[in-house]
Amino acid sequence: MQKPSDVFDRDNEWAALTRFAGDEAPGASLGVISGRRRQGKSFLLEALCEVAGGFYFSAQEATDTESLASIGDALTRHLQPVVPFAPANWGQVMDVLLRMGSERNLPVVIDEFPYLARANPALPSIIQGAYAPRRPERVASRTRLLLCGSAMSFMGGLLSGNAPLRGRASLELPIQTLNYRQAAKFWGIDDPQLALLVHAVVGGTPAYRTEMIRYDAPRNIADFDDWVVRAILSPGSPMFLEARYLLAEEPDLRDSALYHSVLNAIATGNTGRGGIAGQVGRKTNELAHPLTVLEDAGLISREADAFRANRTDFRIAEPLLTFYHAIMRPFWPQLTLATDTARIWQRAAHRFASNVVGPHFERVCRDWALYFSSTPDSRNRLGDWPVRVSSGTVNDSANRTTHEVDVVAVGHADDGRPPLLGLGEAKWNETMGLGHLERLRRIRDLVAKGGKFDTSCTRLLCFSGVGFSEDLQDRQRRGEVELISLDELYGR
């Protein structure tokens, strides 16, 4: 099945969906599609049903009775039976869906499945029963049923542990946000500096460009400030409240004040448990649940320190949340009244650079090291594929200090110590020089003394958003350091 021309990228996801829908093995099959809102899940699944002549149903927040009536109406329109279909229960619906695939492979999509399960908690068990391995209705069917939802905590538990559908699904496909390179292409931005600034604000969520901003992209660097004011900070823009809605859409995030406080702590640089607890005003052990819930919802991620096994940092996974807490939340009353928005944005320039763009640039550098450093356009900068890239903290007892490392790339160890492929420092708004190289050399020596990693082939990397000194460029020509510019980060 050929992907429609209006579906941007998503080649891997489309391939997985078409393999699932076109599977010629006998018996009905089940798949689960998940992802945060506005990533294009529904668009992708509607396109699949259009190409394959399948059935697509999007649930709404409603009572169980109303939902049964809605899917009955949708099936009546699709099948055009002599008598309208008015199901009395979900068992009848499942039997109809299975019979629809009696003659050919047929993709059937139930979108916003969490709405249905919230109104009828027994629904996963009903589907489990309908998909019993030896049940005649399942054996005789080639229905390819796809359950889709945006409530990440619910969808994550649908196939886990002792859940009724555990072991029933042959496809479990998360729809992620576009990575920073894909996002630049989607927004039609050729300037890497502008692309990174936009990504630091809105990330890679496709709908932010289409439905939300209606294709209003900054024309160039000079237009970026005006774009932020009109597209993000204006109360008339749908993006204005989006960060607050991201939490409201997750049913498990009941204490919104606590979760906003946790996110605010992380956004302002308190990435460890102790720092978060101190800012929120809770004990460290009291944060275990909210941190887990935020992680299950896909709003934060945890990153183990490369050099300290007992230290974990938490990062906000959605750039818009970082932008909201660092820039918008402190001036929320004034922003809601559109009180001199342009001046508020000017005043936030330093905080935007230090709390938003700087950490985001470091994250993009880690993503480059993990996903793109070994591609042909990056000339295999690390010498091998890394299996893990994170930040790290190295203790320097001789100088009674510690060194923060922005990029730590670790390779696969067939036996013995894992190879430390690269150590990197990232500076968004600073021309890097020999001092940065000397610091990385010192850190490499300290790691070598620790004996945990094989540092014999470790490469030193400097990432800069503005450039490198002539002396440092000369050291690259000698093979002492790898210099990665914005152009290379974006594959230019």
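Student: How are helix 10 and helix 12 oriented to each other?
Tutor: Roughly parallel. This is a predicted model, where local features need pLDDT of at least 70, side-chain atom pairs count only at pLDDT 80 or more, and totals for chains, interfaces and linings use all residues. Residues are numbered from 1 along each chain as its sequence is written, and side-chain values use heavy atoms, without hydrogens and water.

Student: At what angle do the axes of helix 10 and helix 12 cross?
Tutor: Roughly 15°, and the axes come within 10 Å. Axes are lines fitted to C-alpha atoms, for helices over the stretch in contact, with angles from 0 to 180 degrees between N-to-C directions. Under 35 degrees counts as roughly parallel, over 145 as roughly antiparallel, 65 to 115 as roughly perpendicular, the rest as oblique. Helices are DSSP runs (H or I, at least four residues), numbered from the N terminus.

Student: Which residues meet there?
Tutor: Gln193, Leu194, Leu197, Val198, Val201 and Val202 in helix 10 meet Ile221, Phe224, Trp227 and Ile232 in helix 12. Contact means heavy atoms within 4.5 Å. By class, this contact has 9 nonpolar, 1 polar and no charged residues. Ala, Val, Leu, Ile, Met, Phe, Trp, Tyr, Cys and Pro count as nonpolar, Asp, Glu, Lys and Arg as charged, and the others, Gly among them, as polar.

Student: Which aromatic cluster includes Phe224 and Trp227?
Tutor: The one formed by Trp187, Phe224, Trp227, Phe323, Trp345 and Phe352. Rings of Phe, Tyr and Trp (its six-membered ring) pair if their centres lie within 6.5 Å. The count comes to 17 aromatic pairs.

Student: Which ring does Arg181 lie over?
Tutor: Arg181 lies over the face of Phe372, 4.1 Å from the ring centre. The charged end of Arg209 sits over the ring of Phe186, 5.7 Å from its centre. The rule: NZ of Lys or CZ of Arg within 6 Å of the ring centre and within 35 degrees of the ring normal.

Student: New topic. How do helix 14 and helix 16 pack?
Tutor: At about 80°, with axes 11 Å apart. They are therefore roughly perpendicular to each other. Leu258, Tyr259, Val262 and Leu263 of helix 14 touch His289, Pro290, Leu291, Val293 and Leu294 of helix 16.

Student: And what is the angle between helix 14 and helix 15?
Tutor: About 125°, with axes 9 Å apart. That pair is therefore oblique.

How values were computed. Helix = DSSP H or I, 4+ residues; strand = E, 2+ residues; numbered from the N terminus. Phe/Tyr/Trp six-rings, centres within 6.5 Å; stacked < 30°, edge-to-face > 60°.
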